[in-house]
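Here's a walk through this protein, starting with how the chain holds together and ending at its surface. Keep the viewer open as you read.

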Amino acid sequence: MPFDDKKGMQIAYEEALEGYNQGGIPIGACLIHEDGRVISRGHNMRVQKGSMTLHAEISCFENGGRLPASIISKCTLYSTLSPCTMCTGSALLFKIPRVVMGENETFVGGEDWLAKNNVELINLHDDRCKDLLTKFIKENPEIWDEDIGE
């Protein structure tokens, strides 16, 4: 039985909230195997670690450690936000077959690229994800602009 996408997004949202509570950008992610095992989870750590690249998805991949393709190819990547091109590229590199996003109203990433590579893409239109990020953007517009390369 496939894993429940709402449960996966709940884990990603918890990560986003943790990032926000740490003073960081509230975007969270998790990688869940088709059998329901949570392989890894993470949140955007650019502010906390002074990093250029520690977006939520990259943090999640890093926290998963070395994983064989036999595991990754059976996982869904959950992200509270449409993955940017860097994170999209990583998902494609690791041949993740399915990406579930919380929302794409505040930012649209590499969705066309995922679709062109036959990745199943689902948008849950989760208001919690949008509201938390919108609040952060209003509070910290300069940090948000830096995060998306503006």
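## How the chain comes together

Take the contacts in the chain between residues at least 6 apart in sequence: 58% of them join residues at least 24 apart. Bear in mind that this is a predicted model.

The chain has eight helices and five strands. Follow the sequence and you'll read the pattern α-β-β-α-α-α-β-α-β-α-β-α-α.

## Overall size

How does the radius of gyration sit with a compact globule? For 150 residues, such a globule would have a value near 15 Å, and the chain has 14 Å, which agrees. Along the principal axes, the C-alpha atoms fill a box of roughly 40 × 30 × 30 Å. As for burial, 50% of the 150 residues count as buried.

## The largest nonpolar core

Which residues touch the most other members of the largest nonpolar core? They are I27, L77, Y78, I96 and W144, out of 39 residues in that core. Several elements each supply at least two residues of this core: the helices α1 (5-21), α3 (56-64), α5 (85-93) and α7 (127-139), plus the strands β1 (28-33), β3 (75-79) and β4 (98-101). Helix α1 gives the most, with six residues.

I96 is a handy one to click on. Leaving out residues up to four places away in sequence, I96 touches L31, F61, I72, C75, L77, A91 and V119. One of these, L77, is also on the list of residues that touch the most other core members.

## A closer look at α3

Is α3 mostly covered or mostly open? Mostly covered: seven of its nine residues are buried.

## Surface and charge

The accessible surface of the chain comes to about 7600 Å², and 52% of that belongs to carbon and sulfur atoms.

On the charge side, there are 23 negative side chains and 15 positive ones. The centres of these two sets lie 6 Å apart.

Note on methods: Residues are numbered from 1 along each chain as its sequence is written. This is a predicted model: local features need pLDDT of at least 70, side-chain atom pairs count only at pLDDT 80 or more; totals for chains, interfaces and linings use all residues. Side-chain values use heavy atoms; hydrogens and water are left out. A nonpolar core is a set of buried Ala, Val, Leu, Ile, Met, Phe, Trp, Tyr and Cys residues joined through side-chain atoms within 4.5 Å. Buried means under 20% relative accessible area, exposed over 50%, partly exposed in between (1.4 Å probe, protein chains only). Helices (H or I, at least four residues) and strands (E, at least two) are DSSP runs, numbered from the N terminus. Contact means heavy atoms within 4.5 Å. The radius of gyration is taken over C-alpha atoms; the globule rule is 2.2 Å times the number of residues to the power 0.38. Accessible areas come from the Shrake-Rupley method with a 1.4 Å probe; for residues, only the protein chains shown count as cover. Lys and Arg count as positive and Asp and Glu as negative; His and the chain ends are not counted. The place of a charge is taken as NZ of Lys, CZ of Arg, CG of Asp or CD of Glu.
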